[in-house]
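Please walk me through this structure.

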Amino acid sequence: MKVVRLPVGVYAANCYIVYDEDIHEAVVIDPGGAGDEILDKLNELNLKVKYIILTHGHGDHIGGVEDVRKGTSAPVLIHEDDAELLKDDTRNLSSMMIMGSVEVIPDKLLKDGEKLVLGDYTINIIHTPGHTPGGISIKIEDNLFTGDTLFAGSIGRTDFEGSSYEDIISSIKKKLILYPDDTAIYPGHGPSSTIGREKKYNPFIIN
C-alpha cells in the first residue's frame, strides 16, 4: 500500500491518496481543494479511484470534492452524522471561508465499524466524534487517517457548533490510542506521527 500526501487549498488540509500499487486502485481522503492538482497526481500514478472518503464535513476538507468526483466518477462517502453538515454551507463553515460556499450531496453514508475493500486491503471506518458529530478516522493496515480528531502534538478544535471537547478526548483515548505504538497517524493538517509518539508527547493525551 502506498500513501501520497497533498496539502491542498488555502488552509493546507491534507488530502491523501491511498492506493494498491499492484492493481492501481485508490481511495482519495479529504480532497479539500486544488481538485486539478489531485486529478493530475491520480493520472500521473495511473490510478482508478474507488472511493472519495471524507473524515468530516468542514469546508477546508471538501473544497475539491466536486472536481474529483466529476473527474473520477467515484462516490463520495461521509459518516451519517455529518451528512447535513456537508450539504449546508453555513453549518460546514465554507460560507465564511476564503474559498467560498461549498455544498456537497454524498453518495453513501457510513456507520461506525463499517468495512470497505480496496484491492487486497480493508478500510475500517472508526467513528471519532468531537471535532464534528460525524467525524471519522480511517484505518488501513497499520495506518490511521485521523482527520481533525488527532494531530501531531494536538487535537482538533472543539469550539464549533456540534463540537465537544469531552467527545474528542473520549474518541482519542477509547478508540485511537489503543492501537500499537508503531501505528502511523496521518492527520488532517500538519505532519504525520505515530500512536506511540502521541501517547508520550501529546499534552491532551498524557494529562
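The paragraphs below go from the overall fold to single residues.

This is a predicted model: local features need pLDDT of at least 70, side-chain atom pairs count only at pLDDT 80 or more, and totals for chains, interfaces and linings use all residues. Residues are numbered from 1 along each chain as its sequence is written, and side-chain values use heavy atoms, with hydrogens and water left out.

Start with the whole chain. Its secondary structure consists of six helices and 14 strands. Helices (H or I, at least four residues) and strands (E, at least two) are DSSP runs, numbered from the N terminus. The radius of gyration is 16 Å, close to the 17 Å that the globule rule gives for 207 residues, so the chain is as compact as a globular protein of that length. That radius is taken over C-alpha atoms, and the rule is 2.2 Å times the number of residues to the power 0.38. Along its principal axes, the C-alpha trace spans about 45 × 40 × 30 Å.

Next comes packing. Of the 207 residues, 55% count as buried. Buried means under 20% relative accessible area, exposed over 50%, and partly exposed in between (1.4 Å probe, protein chains only). Among contacts with a separation of 6 or more, 58% come from residues 24 or more positions apart. Contact means heavy atoms within 4.5 Å.

Now look at the aromatic rings. There are three aromatic pairs. Rings of Phe, Tyr and Trp (its six-membered ring) pair if their centres lie within 6.5 Å; planes under 30 degrees apart count as stacked, over 60 as edge-to-face and the rest as tilted. Tyr 16 and Tyr 186 form an edge-to-face pair, 5.5 Å centre to centre, with 70° between the planes. Tyr 16 lies in strand S2 (residues 13–20) and Tyr 186 in strand S13 (residues 184–187), so this pair ties together parts that are 170 residues apart in sequence. Both Tyr 16 and Tyr 186 are buried.

Tyr 186 also pairs with Phe 145. That pair is stacked, at 5.1 Å centre to centre and 15° between the planes. Phe 145 sits in strand S10 (residues 143–147), 41 residues from Tyr 186, and the pair links distant parts of the chain. Both Phe 145 and Tyr 186 are buried. Tyr 16, Phe 145 and Tyr 186 form one aromatic cluster.

What else does strand S13 hold? Ile 185 has its place there. Ile 185 counts as buried, at 0% relative accessibility. Leaving aside neighbours within four places in sequence, its contacts include Leu 144, Thr 146, Leu 150 and Glu 198.

Gly 153 belongs to the loop between strand S11 (150–151) and strand S12 (154–155). Its relative accessible area is 34%, so Gly 153 is partly exposed.

Finally, consider the backbone. Most residues other than glycine have a negative phi. Ala 12 has a positive phi of about 50° although it is not a glycine. Ala 12 lies in the loop between strand S1 (2–8) and S2. At 37% relative accessibility, Ala 12 is partly exposed. Leu 93 has a positive phi of about 75°, and it is not a glycine either. The loop between helix H3 (83–87) and strand S6 (108–110) holds Leu 93. Is Leu 93 buried or exposed? With a relative accessible area of 14%, Leu 93 is buried.
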